[in-house]
Amino acid sequence: MSDTRYAIVTGAASGLGRAIAVRLAQDGWHIAVADVNETGSEETGRMVTEAGSTAQVETLDVRDEQQWVSLRERLRADWPQLDLIVNNAGVVVSGAVGQTPIEDWDWLLSINLRGVILGCHTMVDWLKENPRRSHVMNMASVAGLIAPARMGAYNVAKAGVVSLSETLYQELKRENVGVTVVCPWFVKTNLLETGRFADTREKTAGAAFMENSWLTAEKVADKAVRGMYRGKLHVVVGFRANQFSSCKRHFPGIYFALSEWTQRRILEPIWSRGTK
């Protein structure tokens, strides 16, 4: 078996996926940069090389089961083992239930939830074959834990990723396969550029939260990788993410009152500066 560790990172052409690929490269991992954006993937590949490791670009639409199977077969032919799958690819949709178009629900769920399911389903048996410890890392969000208003589609998908990861954790523990689900606060990435919004003022609010966040993709990637190395199931990243998720878990009445206050005193003034 090779001393080199091998990882697949989806959504690695930019943002958090790119940051995770580069962070793993700093530890010598060989990275399959998997994304539909070939130009961005090539740039990530160069960054992985600059970080001191090696990469290969793999075109992958995470919604397509056959593409997942083809990816697995290509890599199995070349790699001695699979050590890690990072299911990171994701998009954002916002809007109240009843206002968000069903086609937007379908689009987001096909990427943020089905894509993660397909990644786990396709690669888990290969991970089990690894004689040393292998790992699944799924990218969720604090939204999957606290369910903020007007983000129903996104919340449902990320809550599903958390649930899937907790299920896998139990199923794979005796197989020597670790599972980590990462739940960050707002991160400064290009996620909003491809998002779909029932009301454009919601994009304004999201941009404000990102701008005021201290979290960068690199900080989240570092905490995610360190959490994986320590064998943590849940990696909740950011002071506010930990604060809000803990409040909701222990004091749900207070949390929902705080959520209502946040909408009235913070979000609505931001919306008023945007255009509907």
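**Loops, salt bridges and helix packing**

Reader: Let's start with Ala147. What's its relative accessible area?

Author: Ala147 has a relative accessible area of 43%, so it's partly exposed. Buried here means under 20% relative accessible area, exposed means over 50%, and partly exposed is in between (1.4 Å probe, protein chains only).

Reader: What kind of model is this?

Author: It's a predicted model, where local features need pLDDT of at least 70 and side-chain atom pairs count only at pLDDT 80 or more, while totals for chains, interfaces and linings use all residues. Residues are numbered from 1 along each chain as its sequence is written, and side-chain values use heavy atoms, with hydrogens and water left out.

Reader: Back to Ala147, then. Where does it sit?

Author: Ala147 is in the loop between α6 (143–146) and α7. The helix and strand names come from DSSP runs, numbered from the N terminus: helices are H or I with at least four residues, strands are E with at least two.

Reader: And what's its phi?

Author: About 50°, which is positive even though Ala147 isn't a glycine. Most residues other than glycine have a negative phi. Arg150 also has a positive phi, about 65°, and isn't a glycine either.

Reader: Where's Arg150?

Author: In the loop between α6 and α7. Arg150 has a relative accessible area of 23%, so it counts as partly exposed.

Reader: Switching to charges. How many salt bridges are there?

Author: There are 10, taking a salt bridge as a side-chain nitrogen of Lys or Arg within 4 Å of a carboxyl oxygen of Asp or Glu. One of them joins Asp222 and Arg23, with the closest N and O atoms 2.7 Å apart. Asp222 is in helix α9 (residues 217–229) and Arg23 in helix α1 (residues 15–25), so this pair ties together parts that are 199 residues apart in sequence.

Reader: How accessible is Asp222? And Arg23?

Author: Asp222 is partly exposed at 22% relative accessibility, while Arg23 is buried at 10%.

Reader: What about Asp83, which Arg does it pair with?

Author: Arg132, with the closest N and O atoms 3.2 Å apart. That pair links distant parts of the chain, 49 residues apart: Asp83 is in the loop between α3 (65–78) and β4 (84–87), and Arg132 is in the loop between α5 (114–128) and β6 (134–139). Asp83 is buried at 2% relative accessibility, whereas Arg132 is partly exposed at 23%.

Reader: What else does the Asp83 side chain touch?

Author: The side chain of Gln81, through a polar contact of 3.0 Å. A polar contact is a pair of N or O atoms within 3.5 Å; within protein, one must be able to donate a hydrogen and the other to accept it, and residues adjacent in sequence count only if both atoms are side-chain atoms. A polar atom of the Gln81 side chain also lies 3.0 Å from the backbone oxygen of Thr4.

Reader: Is Gln81 buried or exposed?

Author: Buried, with a relative accessible area of 3%. Gln81 is found in the loop between α3 and β4.

Reader: Okay, helices. How many residues of α1 are buried?

Author: 10 of its 11, so α1 is mostly covered. Among the buried ones are Leu16, Ile20, Val22 and Leu24.

Reader: What do they pack against?

Author: The buried residues of α1 pack against β1 (6–10), β2 (30–35), α2 (38–50), β4, β6 and α9. Contact means heavy atoms within 4.5 Å.

Reader: How do α1 and α2 cross?

Author: Their axes come within 9 Å and cross at roughly 25°. That makes α1 roughly parallel to α2. On the α1 side, the residues that meet α2 are Arg18, Ala21, Val22 and Ala25.

Reader: And α4 with α7? What's the angle there?

Author: Helix α4 (residues 102–112) and helix α7 (residues 152–172) pack at about 20°, with their axes 9 Å apart. So these two are roughly parallel to each other. Axes are lines fitted to C-alpha atoms, for helices over the stretch in contact, and angles run from 0 to 180 degrees between N-to-C directions. Under 35 degrees counts as roughly parallel, over 145 as roughly antiparallel, 65 to 115 as roughly perpendicular and the rest as oblique.
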